[in-house]
Amino acid sequence: MQEVFELVKKDIKTDWRNRYPVFGILLYLSAIIIISYMSFMNFIKPEVWNALFWLIILFTSVNAIAKSFMQEENRTTYLYFVASPVKIIAAKLIYSNLYQFTLILISIVLFSLLLGSPGNLNTWFFVNLFAGSIGLASAFTMVSSLASKTENNATLMAILGFPIVIPILLMATSISKQLILGAPASDITSDLLTLLSVNVIIIALSFILFPFTWKS
C-alpha cells in the first residue's frame with residue numbers, strides 16, 4: 001500500500017504544479033452555478049434542481065477525471081518499471097474518487113447557498129451522492145486508461161464512456177429525485193444496491209483490463 005499512496009501523492013503534486021486545469025474546473029463550476037442561480041432565482045422546482053445538479057457533476061467529472069491517464073503519456077515507461085499495473089490503477093482510482101468527491105462537496109455547498117435546498121437532504125441522499133460519485137469517477141478512470149493507448153483517445157473515450165456512464169447517471173438521478181421528494185429509504189434500497197453493484201463491476205473490470213492495456 002505504501003507504493004499506492006506514493007502514486008496518489010504523485011498525482012496530487014502533479015495537479016498542484018499544473019494548477020491551471022484545477023482552477024479552470026473551479027471557474028467552470030462556479031460560473032455554471034451562478035448562471036443557474038440567475039436563470040431560476042427562487043422558483044426552481046426540486047426535479048429541476050436535481051437534474052441540474054447531476055448535469056454539473058457529469059461535466060465536472062468529464063473535465064476533471066477523464067484526463068487522468070492522458071497526462072501520463074510522457075511517464076509511461078518510467079511507471080512501467082517502478083510499479084505494477086494493479087498498484088497504478090488502484091492509485092488512480094483512489095485519487096480520482098477523492099478528487100471527484102471534493103468537487104461534488106464544493107458543488108453542493110455552492111448550489112445550496114445560491115439555489116437553496118430542494119428538500120430534506122438526509123443521510124441517504126449523501127450515500128447515493130457518494131455512490132454516484134464513485135461510479136462516475138471509476139468509470140471515467142477505466143475508460144481513460146483504455147483510451148490512452150490509442151491514437152484517437154478522445155473519440156474512443158466518448159464511445160466507451162457513454163454506455164457506462166448513462167446507467168450510473170440514470171440510477172443516481174432517480175434515487176436522489178425520490179429522496180428529495182420525500183420517499184422513504186425502503187423505496188430506494190433496491191436501486192441503491194444496484195448502483196453499488198455496478199460500481200463494484202466497474203472497479204473489478206478496471207483491475208482486470210488495465211494490466212493488459214498497460215503491457216501493450
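## Contacts and overall fold

Among the contacts in the protein with a separation of 6 or more, 84% come from residues 24 or more positions apart; a contact here means heavy atoms within 4.5 Å. This is a predicted model, in which local features need pLDDT of at least 70 and side-chain atom pairs count only at pLDDT 80 or more, while totals for chains, interfaces and linings use all residues. Residues are numbered from 1 along each chain as its sequence is written, and side-chain values use heavy atoms, with hydrogens and water left out.

The protein has 8 helices and 0 strands, taken as DSSP runs numbered from the N terminus (helices are H or I, at least four residues; strands are E, at least two). From the N terminus on, the order reads α-α-α-α-α-α-α-α.

## Surface and burial

Of the 216 residues, 42% count as buried (under 20% relative accessible area; exposed is over 50% and partly exposed lies in between, with a 1.4 Å probe and protein chains only). The accessible surface comes to about 11200 Å², and carbon and sulfur atoms hold 70% of that; the areas come from the Shrake-Rupley method with a 1.4 Å probe.

## Helix H5 and its end

Helix H5 covers residues 85-115, and its 31 residues should span 45 Å at 1.5 Å a residue, which agrees with the 43 Å between its end C-alpha atoms. The expected span is 1.5 Å times one less than the number of residues. Just after H5 comes Gly116, with a positive phi of about 80 degrees.

## Ile208 on helix H8

Ile208 belongs to helix H8 (residues 185-215). Ile208 counts as partly exposed because its relative accessibility is 49%.
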